[in-house]
Amino acid sequence: MNKKRIGVYVCHCGTNIAGVVDVENVAKWALEELGEEGVVVSKDNKFMCSSVGQELIQTDIEEQGLNRVVVAACSPHLHEKTFRTASERAGLNPYLCEMASIREQVSWVHTDKAIATQKAKAMVAGAVRRVAQHEPLEPIHVPINEATLVVGGGIAGIQAALEIANAGHPVYLVEREPSIGGHMAQFDKTFPTLDCAACILTPRMSEVGMHPKIDLMTWSEVENVDGYVGNFNVRIRKKSRFINLADCNGCGICEQKCPVKIVDKNFEAGIGYRKAIYRPFDQAIPNYPVLDQPNCTYFIKGTCKACEKFCPTGAINFEKEDELVNVEVGNIILATGYDLYDTKKIPQYGFGRLPNVFSSLEFERMCNAAGPTSGEIVLRDGVTKPKSVGIVHCAGSRDLNHNNYCSSICCMQSLKFAHLVHERTGATIYNFYIDMRTPGKDYDEFYQRVLEEKTFFIRGKVSEISDAARNEEEEGKLVVQVEDTLLGEQRRIPLDMVILSAALVPKADSGDVAKQFGISCSSNGWFSEKHPKLDPISTMTEGIFIAGCATGPKDIPASVSQGSAAAARVISYIETGVLALEPIRATVSEENCSGCRICNDLCPYNAIVFHDETMVSEINHALCQGCGTCVAACPAGAISGTGFSNEQILAQVKGLLMLDFAEPELEKVP
Amino acid sequence: MSENGKPKFAMYWAASCGGCEIAVLNIHEKILDFDANFEVAFWPVAMDAKYKDVEALEDGEILLTLFNGGIRNDENEHIAKLLRQKSQIMVAFGSCANEGCIPGLANLSPIESLFETVYNTVSTENEEGIRPQSSYEMPEGTIHIPEMYPVLRTLDQVIDVDYYMPGCPPESHQVAAVVDLVISVVKGEAVLPPKGTVIGAGNSTVCDECERTRNVKKIKKFVRIQDIERFDPEICLLEQGLICNGPATLSGCMAKCPTSGAPCVGCYGPGPRVLDYGARMVAALASVIDSRDPVEIEAILDGIVDPAGTFYKFNLAHSLLKTGKASWNGN
Amino acid sequence: MVSDHVQQLTEIQEADFEKESFLDEIDRSVSSGFSGIINCIQCGSCSGTCPASEDMTHTPRHLFAMIASEQRDEVLSSNTFWYCVSCYQCVVRCPREVKITDIMYALKRKAIRSGLYLDSDSISVGFSGRFLDYVEDYGRSFEFGLATRHNLRYRPLDAMKMAPMGLGMFRKGRMDLTPNRIENLKEFQKILKKARELGETI
Amino acid sequence: MTKPFEPMIIGFTCNWCSYRAADLAGTSRKKYPPNIRLVRMMCSGRLDPVFVLEAFSGGADGVMITGCHPGECHYIEQNFKALRRVLLLKRTIEPLGINPQRLKLVWASASEGNLFAKEVETFIGEVRDLGPLNWQKRAMRNDLRLVESLPEEVPV
Amino acid sequence: MKYNYYPGCSLERNAHSYHDSAMAVGTKLGIEFVEVEDWNCCGATEYMSIDKISAFTLSGRNLALAYEQKENGDLVAPCSLCLLNLQKSDHHMQESQELANNVNTSLAEGGLSYKPGSVQSKHLLDVFAKDIDENEIVEKVEKFLYGLKIAPYYGCLSSRPGFDGRENFDFPLRLDNLISLLGADVVDFPLKTHCCGGHMTQISEPTALELIRRLLKNAVDNHADMIVTICPMCQLNLDAYQDSVNKYFKTDFNIPVLYFTQIMGVAFGFEPKEMGIWQEFVNAKEVLAKILDEPPKVPKEKRASKTALPMAKV
């Protein structure tokens, strides 16, 4: 092996580092004391990340023949890439460059200059010893399959699928419900423009239905995901609709003739009915009905078959079974959406006990012209128009007892409700809010418009909604008890109807879905982004992207933007054809592996496979994400990990411990 | 070279039990080949010899020394250094010389407590509380006995070692193979492996040679062999909750213990390039415990009755913490 | 004089916590060492919930804003905490886990020690103090003694009105004229003496 | 005059949460004592017990391992493996003579810079109370008086 | 079944019908309650208002005494406030080592000590509503309380703040279930966990009377014949102050308020007098006379009108 020639570069970062750390001293010390470790050049510079600083490294690599570089500056999360690229420009393998974070971990968090300088030296020593153990690495290249899987047919998924398909690439769109459209299809109006949701959504839905590049699979669920970025293999279960699709023309006669009426808890949010064979709504895409097996009289009692009798095309097939389909895709976009928080979990709000307390989704359906009341706003009795209506914000949001986040859409949704109630009933309206949050385009203007409609706004989190009257005025009413915090008084407001703007929560099975796709969830259950600000549509797993409310509450424009953004990323991968992955990977030494199988179940990405014939385990580099858990677990020491090898980390520990807490002469005497 | 032209051989035992010598004799008729090719210069167990005879040899006059036992007192150290000086090839032979072995477990206790156990427990009649002293004044003059060191050291912590041959004791078939190799080298038919090589062992771990069926591992409970009534004769012992050190132990023994139903205790020491044997066992076992709940994990870990003794039965003196390599840097 | 024990407390010199903010002072005084007031988002859930908030000079939410803005004297002379009935309804509804009831108790203790409570609230102080006196004397509470002494001292007019109820209590065997004592009263008193010594300095 | 004992702590942090928490503590200029020196790993699941042993035998008085909160691991669930290793490792080092309190596992998310700083400060305090480990000397002399004495059980 | 029993001061006198009925019902169900030797007052809400450490120490002493006879099982308190104080002290002592030390330093003066977390305490209601199998209760019923409409009143502190993880802070159901086992009708009582006024009767009577009025009105509005309580303070306020409420608000409430153990006793065949049903201010005799021999015919639930929207029921 050729001799290690290491260059050390210590950054002042203006006064950010130099204000606390004696930077010149660190550089000088490294040259004097770390010569044995291979340090041949050691310099300090005002700003290492500037072009001057970068050129300094490049020149030294070229002229001094450096084969390792250590930059003591800020956090590697900030500038590791900068210095690796600089090294690469000078012909050095970028992975032979290492950083010591003497700003975030030293100058910004410590005050005693002498001790901080000592720590900076130790960190340089650690990095020098570590880099000496580095090996040149090459990125891993994987080919990208052109097809994409989009999971979830709400507006985010629809958008993503259309973008990719319109770019000419095949898409499989999988939706769990009988129709695409998601929550948006349930709404009547959308804020703040009050566009009719159906009017803007259904054209997109039909476009999906007819797109030659989109293979739409509704009433279907992903069962299994194998493979890795560029080459996923996905098994999809197409649940049986008990309909021969080729024969069905979507006439809807079966639905009319079906004698079973049940409460539709999904699309109608529990305030409307549907049949046992049904399409969730008239504009459903695809327009085939679904037979609800658990509720079908034939399946329960063995007789009925009314649908079959009346079907003009003989499309009903009670024998039809689920189908399993395998598809191969290069990328996956998860747009699985959200659930509405079950407001029964807030007992003091009376939902489920007091008939005239409605959830937001119930109210959306009530407002919808195609909904159970044909758009009439009425009390639970179905006829009485309310004279006074309360709208409760933050029902289950911003509350450690329920969901400790702002659901972000409820303020605007509540304003929309207020407007609709005003427009359709003329009732007196109270909005109960904690803080009004209207940060979108034209959102605050909408708030002002609702104010002008003489809606009352009471700032206070509603404490309880009760039917326990204290006096005559309250008899027979719903009483909303709240502190009007702007008055500093408790108020009891008798109303006819209350709407709870319920929190948005992750899908009940979001944890299972995350596990299935090998991504992670935050503690709240929303899918975690690779970076919340700079990469909100990627996940830690290469080739799996997220869009829409699956990552957290969002309004429609944001969901659509994310759908497009995820699609753009996927398209760029497809266009590139090949993807370069960070070469931080684990490898099993076949010679040393004893086939003990300790590591086999440790990988969440199923990257470790066991070969029965040779009795050794092997790691699939495209699946491996480089966490190093198996490296640490291997009892034989047969697994090694690039970038974070035992040798590198142990060398760094040794280096860090080279120097004491403080230099003896600098030590303070109490 | 001796007068008869045969190269000289030495074997010595320091802090050890003598099992290694028996393992050498256990190579059966091969011992005759050995005798035909070597002259024994020094082998206290086999034949009488004096230290001064060894001291009288030229440096490097012994071709091969098999040194077994750890360094526990000044006599051990003296002879180790002496033999090093006189030998061309120094082999750390057997677990004690390699990694401390059972005598190395004494490193868990300070020397006073060792003496207390040996000289002052119920089974010992020692009313005056006499303790060994390294030098004692007699009318005839001062007499010396070896001085006990505070810790046991492995051979390579004291002298430079050329080859390592692990095992407690090394398996006889491995001894025979090594003897064959050395003879071939002497005859000029083969060359020696690079210095520092582990000889007489495989390059994987015990599982590699174990015939039991192995599956993906998930452990809900650790048990000791005396605590279970029946165990499956075919399945990996670890999967049945028995702590078997096989996954972390260097192969070469043909997995005799686990194959016959006794969990591996780890006498062959760590696999290639492993810095700390116990750390491997800790990492591996903890990884496959099937629980995420700290309380439940602790309950499962309660099944590992003596973690240090289990994971460091043979390797303690060579481990990082109990005076292993790091401690002896620059010594 | 309100009560022997309260009198003693009032005389304790305020210790040297000058640099400490009122908020920190409250944090230190609540049982868990953290009141949660800094987490308060002023939503009013507590005040909306409170069964007695109508009678309070400041709603609980308002009081927390006052604490956060260091209005120590105004807070300690508020009647709010004296009207707290300790029903914990606000605590379980608070979206930010503010330890409201514990804070109210802490404020009562502080108001007593600082003597900043208003005359109109001395009835509360007196009641608690008298209760304490009986418990310290007998180890158990003594309803008859408490009711009579308390009412005669603070509500002489009401005391007459309450007489029929008291009589009813006797007739129905629900009140005793003599207190019940515990057996190890001496040890009990030693324990309490020590506890008071260890009590808050402020 | 004796100089005050300042413990040396080696911290192993995962790249995604706790190293970023350390970054955040830095960017928000949250001060903590300089007794800790950090090593970055990709995940707390990378924690090989040998790193801890190396740190102790190499002169560290305490070792702190930090990872993402349970359920928030960027590699889904690897931090549970770190948890299990730390629990077993604590049981293993105790009979070897190291107080298990010198080894600490802390969960910190990328947004918890303050918590990170606080945990570091607390741990440094705890190790300061335990006194110097000085493992080299202890191991060489194998002196019982120097071997860690564990604190007594809390009296009932 | 055996428990340690901490009656608290109220049950010695003003609520001794609660004590007597609890003991009688317990005996019938084969439960033995062993009184904690030489227990002291729990401090009510008053001690905490004056001194923190002594407030915790009072309960600390009771817990320490209960621990000394731990062989009898968990500690049961019939008074919600007593229970709260026991649980609160234990909880905070577990949370704060400093507090635990202070309490133990004090207890040491009397030769006692308490290790936080070593005594489990629970409400008397939970003994009958949770620990005992429902069938056992039904088996013991000799006279079902058919036709009696009862408002189950939990009050604040048996449900909150939930040191032992309560089911539902606003709408608990354990007492409801128990009452229906006895054959009585449980009326909807939205204010079942609202405050009875506590010690405000002594501080600001108008405040207390208003709180009592709300409860009485709500029970009567929901057609209750009787309110059943699980706490001596609640019983005292709703019962003894009912007359004051009527005078103050010019109302005519006349609704008896009994302890749940008293109606259990009646159902188990005890004479009302044995259960102390004569000590209440609002006489319960008339109401108890309404008990039917047969379960009343339940009018068929009205079918929802055709227009009505379906509703997700709790």
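Colleague: What pLDDT does chain C average?

Modeller: This is a predicted model, and chain C averages a pLDDT of 87, with 89% of the residues scoring at least 70.

Colleague: Where in chain C does pLDDT stay under 50?

Modeller: Where pLDDT is low, the predicted coordinates should not be read in detail. In chain C that applies to residues 11–16, over which pLDDT stays under 50. For residues 11–16 the model has 5 contacts beyond four places in sequence.

Colleague: How many residues of chain C are in contact with chain E?

Modeller: In general, the size of an interface is often given as the accessible area lost when the parts come together. Here I can give residue counts: 57 residues of chain C are in contact with 51 residues of chain E. Among the helices of chain C that each supply at least two residues to this side are H1 (4–11), H7 (100–114) and H8 (122–138). H11(C) gives the most, with 9 residues. By class, the side of chain C that touches chain E has 26 nonpolar, 17 polar and 14 charged residues.

Colleague: At what angle do helix H10 of chain B and helix H3 of chain D pack?

Modeller: Angles over 145 degrees count as roughly antiparallel, and 65 to 115 as roughly perpendicular. H10(B) (residues 277–287) and H3(D) (residues 78–96) pack at about 135°, with their axes 8 Å apart, and are therefore oblique to each other. Their crossing is right-handed.

Colleague: Which residues meet there?

Modeller: Those in H10(B) include Val282(B), Leu285(B) and Ala286(B), and those in H3(D) include Arg84(D), Leu88(D) and Thr92(D). The residues of this contact divide into 6 nonpolar, 3 polar and 3 charged.

Terms used. Residues are numbered from 1 along each chain as its sequence is written. Chains are lettered from A and ligands numbered from 1 in the order in which they are written. This is a predicted model: local features need pLDDT of at least 70, side-chain atom pairs count only at pLDDT 80 or more; totals for chains, interfaces and linings use all residues. Two residues are in contact if their C-beta atoms, placed from the backbone, lie within 7 Å. Helices (H or I, at least four residues) and strands (E, at least two) are DSSP runs, numbered from the N terminus. Ala, Val, Leu, Ile, Met, Phe, Trp, Tyr, Cys and Pro count as nonpolar, Asp, Glu, Lys and Arg as charged, and the others, Gly among them, as polar. Axes are lines fitted to C-alpha atoms, for helices over the stretch in contact, and angles run from 0 to 180 degrees between N-to-C directions. Angles under 35 degrees count as roughly parallel, over 145 as roughly antiparallel, 65 to 115 as roughly perpendicular and the rest as oblique. A crossing is left-handed if the near helix is turned anticlockwise from the far one by less than a right angle, and right-handed if clockwise. pLDDT is the predictor's confidence in each residue, from 0 to 100.
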